[in-house]
Amino acid sequence: GAKISRNFTVTGACALAAHHMERPVRLIMNFHTNLKAIGKRYPYYAEYQVGFTDEGKLNGIDITVYADCGCSNANSSVGGMMGVIDNAYKCANWKFTGVNVKTN
């Protein structure tokens, strides 16, 4: 699927075709074409500290995740990570800090 602000090429082409043909149209791109045209995944860097009990049980995680958003952080997914970052790890004590970084 297209990203929030990078789908204008697809939606513009579909709108123009629908207007010209006077009927609904659909544009389907294969995965590789989609990634070349609109898709991208931000590179991430994380710094973290993990605490364990004497028995080796996880009891605390402090993580800061940096997202390299390029020139715009309009599509950053750092905020959405908060709900899924614990995925396979059962730990009641999480400190998550997400940082969007603009780069050139």
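**View 1. Confidence along the predicted chain.** Confidence in this protein reaches its highest mean, 94, in strand 1, and its lowest, 77, in helix 3 (residues 78-81). The score is pLDDT, the predictor's confidence in each residue, from 0 to 100. Averaged over the protein, pLDDT is 84, and 92% of the residues score at least 70. Helices (H or I, at least four residues) and strands (E, at least two) are DSSP runs, numbered from the N terminus. Because this is a predicted model, local features need pLDDT of at least 70 and side-chain atom pairs count only at pLDDT 80 or more, while totals for chains, interfaces and linings use all residues. Residues are numbered from 1 along each chain as its sequence is written, and side-chain values use heavy atoms, leaving out hydrogens and water.

**View 2. The hairpin of strands 1 and 2.** These two strands run antiparallel and are joined by nine bridges. Five residues lie between them in the hairpin, and G56 in the turn has a positive phi of about 90 degrees. Look for A46, which stands opposite V65 in strand 2.

**View 3. Strand 2 beside strand 3.** On this side, strand 2 (residues 58-68) and strand 3 run parallel, with eight bridges joining them. V65 has G98 as its bridge partner in strand 3, and I63 has F96.

**View 4. A tilted pair of tyrosines.** Rings of Phe, Tyr and Trp (its six-membered ring) pair if their centres lie within 6.5 Å; planes under 30 degrees apart count as stacked, over 60 as edge-to-face and the rest as tilted. One aromatic pair is counted by this rule. The ring centres of Y45 and Y66 are 6.1 Å apart and their planes are at 35 degrees, so the pair is tilted. Y45 in strand 1 and Y66 in strand 2 are 21 residues apart, and their pair links distant parts of the chain. Y66 is also the bridge partner of Y45 in strand 2.

View 5. The lining of the largest pocket has nine nonpolar, no polar and no charged residues.

How values were computed. Pairing = 2+ DSSP bridges. Nonpolar A, V, L, I, M, F, W, Y, C, P; charged D, E, K, R; others polar.
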